[in-house]
Amino acid sequence: MGSGEIGSPCITGATMPPLLLVTLVFTLSALAYWQGRRRAFALMVRPAAVKMHSRPGYYGMLTALWCALPALAIVIVWQLAAEPLLTSLAMKGLTAARDHLSPDQQGLLINDLRNLVAGNATGREIDPLLQAAADRYIGMHQVSNMALAVVALATAVIAAYLVQARINPELRARNQVERAIEILLSLCSTLAVFITIGIVLSVLFESLRFFQKIPFFDFLFGLQWSPQMAMRADQAGSSGSFGAIPVLAGTFLISGIAMAIAVPLGLMSAVYLSEYAGPKSRTIIKPLLEILAGIPTVVYGFFAALIVAPWIRNAGLTFGLSVSSESALAAGLVMGIMIIPFVSSLSDDVINAVPQSLRDGSYALGATRSETIKQVILPAALPGIVGSILLAVSRAIGETMIVVMAAGLAANLTLNPLQAVTTVTVQIVTLLVGDQEFDSPKTLAAFALGMLLFVVTLVLNVIALYVVRKYREEYE
Amino acid sequence: MDRVNVGLAKRYRKERRFRLFGLAAIIASLLFLVLLLGSITSKGWTAFQQTQILLDVYFDPLALDVKNLATANYASLVNHAVQVLFPQVESREDKRRLGKLISSGAAFDLQKMVINNPELIGTNQALWVVAKDEVDMFAKGYIPRNVPESERRVSDKQIAWIDQLAAAGRLKKRFNTTFFQAGDSREPELAGIRGAVMGSMFTLIVTLALAFPIGVAAAVYLEEFAPKNRWTDLIEVNVNNLAAIPSIVFGLLGLAVFLNFMNLPRSASLVGGLVLTLMTLPTIIIASRASLKSVPPSIREAALGIGASKMQTISHHILPLALPGMMTGTIIGMARALGETAPLLMIGMVAFIVDVPHSFSDPATVLPVQIYLWADSPERAFVERTSAAIMVLLFILLLMNGAAVFLRNKFERRW
């Protein structure tokens, strides 16, 4: 196939130079460091013993920074701007030849062009016009890459030269370098905010597109979930098969089972560890319990699907119950095991934070240990414990692999733990794994579910963190 | 006093019961752990051995054209070698079944041998070749003899042949090198974890290279430079929240931003590494901040007192002291990233990939995803391999966490 031959050199042509270029810029910058430092040394010694403002290394660093940063900025901006610009230029010839293209058709054409350029042979017959556009794109892309290399390297060299020429004893190199590093550090720390914004935006945009097709309240309060039915666009709007209630119910059923296992076991373990166990057994048992938290969830999923589920099924058969092989019970049980250490270690911290004076007071009144725990410590620690349980719930709701492997796909609206139910995360995975078209409500529904998941866990986390922090302050 | 004594026995009983509940909870949790590890080990340890069959292969010069060694029919050589062992088998049907004792990978092995050493042509060689997965399962006792023939995947005749081979010493269990050297395969006996391990390695390298410097830089800024204002509060709240967001949401972010918006390649370990970076960043930031916080203020004051600038104080004194704690946090974050599956499913790392990846942009899969894929496969032999892959994964995680504990114990200072 012809496109494959054009495609393969293009891939290397499209990805290699930026990497090579960045390496080159860094090499230049290393050279600039050496040059700046040498010049500072020379200034210190040659005319007379001059006292420089900063140590020579800082002059080197300043030169290196000026060499690298503008050039790298150019590379980044160029890379971001070049792609859409080149595409529109390449498409211009194509759209001029074909009048009246709807935006959708245009998008399709752009996609075809991209595939052609990347060398993904589509198997379909290749439109000669499109092929011409692709060739044009590849040609322009090469020119653009060459130009970028020349501009970036020239900037690096010129900037480095100018700075090293400016080096003199009064130049406050250290302060400037430190300022630059501080800005760099603060940029790194704002990344966390950008991640959150990225999550919100990416999930929100796709969800909004979904809600244009399916009304918001139909999604939130609909009682039927069967995304596979919505094959045709006219069917999707009317069938109402995107009701999230059964999915949510399944999620809460499985999380509920998990919490029913994890809360008593985790809480009692925490109580025993902090109130009864000696320091020696504590140092052994605590890490052992935390192993449970370190085991990857896919391992739990395997355990649930291949060992626990058949076991529950067989146990059900002996009692004459019909148990689905993908029962909510198996997934919930194993998820509960996974969550035990979250509950126990968080509650352990909270219980330890209760002041010793409360305990002493209770013992002095003649209470036994268990009475002290039940009537003094647990009530005092309650907000913190609630916070830790909320965190555990949010983890249970967002847990994916266990339910993907052990829970079902069919969205049954049921409270029977022996039946198969599905969860939000399972649906996201099944809707998004494999081939996707980004226009069908089926794919977009996954993002709507993702938004739901994000909002629910966010609210739980915020409440939990708030409660825990508030509580901690109370006793500090 | 009497009123106290009346209830005392009962209260003490309650006390003992409560204490017992606590102990029972711990024992139950640990029992789950033992059950989990035990069942996986008992299912998986046999996968480290593989059944092999000794064949006398005659490299027939008539079948092998010296000029065209790559395309010769090696499968027929293998079939012929098996048939030589069982001269009494006559019918076509039986001969076909006989051939099914040997893995289709044997032909590829022969091909490789002949291409590397064409002098073998015309000679007779005794070779151990890999048996088909059903034979392997039977030899390991997973397929019982006493069930009806129609319900097992090995026929009575095949069992008789296997017994015959075993009696002749031509059937042996040997260390399973394929499992560690091969990529994924549809044939269980040819499937290995090498591709997944390499994929995991590439992904983790990307994650480490990005998450460690950025995480440490962010922590240094937040702990040492950041003024107390709304913006820093917002960042703090964000970091804490990100640490608790479900990992699959990061997968959605990766799909929408890296794949759809930035057009990065699907299934590449580069993208996987980027997504895991975003996921582990909060963990590393939180651990690094705790570690910076534990450096006593006296060090800071001493450095500032002899005229070091703030940046010099941090880079010369505080960072070196805080580094072990940061490394511990990073290793733990990396261990979490290594075990992560869900976000990688979103960005297409679930594809069936036979080739071992060689670069960051090659399509790849990672160890946990490989486990997920194998766990879905219906063949009995894949259950064993899934468990074995889990054992390898857990072993690597154990090593990483062990390294973290070692670092903490070795460099932890109490001021």
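**Note on chain B of the predicted model**

1. Chain B is divided into domain 1 (48–176) and domain 2 (194–411), with bounds that come from an automatic or database domain assignment. The C-alpha centres of domain 1 of chain B and domain 2 of chain B lie 46 Å apart. Five residues of domain 1 of chain B are in contact with four residues of domain 2 of chain B (contact: C-beta atoms, placed from the backbone, within 7 Å). By class, the side of domain 1 of chain B that touches domain 2 of chain B has three nonpolar, no polar and two charged residues; Ala, Val, Leu, Ile, Met, Phe, Trp, Tyr, Cys and Pro count as nonpolar, Asp, Glu, Lys and Arg as charged, and the others, Gly among them, as polar.

2. This is a predicted model, in which local features need pLDDT of at least 70 and side-chain atom pairs count only at pLDDT 80 or more, while totals for chains, interfaces and linings use all residues. Residues are numbered from 1 along each chain as its sequence is written, and chains are lettered from A and ligands numbered from 1 in the order in which they are written.

3. Chain B contains 16 helices and three strands (DSSP runs numbered from the N terminus: helices are H or I, at least four residues; strands are E, at least two). Its radius of gyration, taken over C-alpha atoms, is 30 Å, well over the 22 Å that the globule rule gives for 415 residues, so chain B is more spread out than a compact globule. That rule is 2.2 Å times the number of residues to the power 0.38. The C-alpha trace of chain B spans about 90 × 75 × 40 Å along its principal axes.

4. The contact between the chains takes 67 residues from chain B and 69 residues from chain A. Helix α1 (residues 2–44) of chain B gives the most to the side of chain B that touches chain A, with 18 residues. By class, that side of chain B has 49 nonpolar, 14 polar and four charged residues.

5. Helix α10 (residues 247–261) of chain B has 15 residues and should span 21 Å at 1.5 Å a residue; its end C-alpha atoms are 20 Å apart, which agrees. The expected span is 1.5 Å times one less than the number of residues. A kink of about 30° in α10(B) is centred on B:Gly254 (bend: the angle between axes fitted to the seven residues ending at a residue and the seven starting there).

6. In α10(B), 12 of the 15 residues are buried, so the helix is largely enclosed by the rest of the structure. A residue is buried if 20 or more other C-beta atoms, placed from the backbone, lie within 10 Å of its own. B:Gly254 is one of the buried residues. α10(B) is followed by B:Asn263, whose phi is positive, near 60°.

Note on methods
Contact = placed C-beta atoms within 7 Å.
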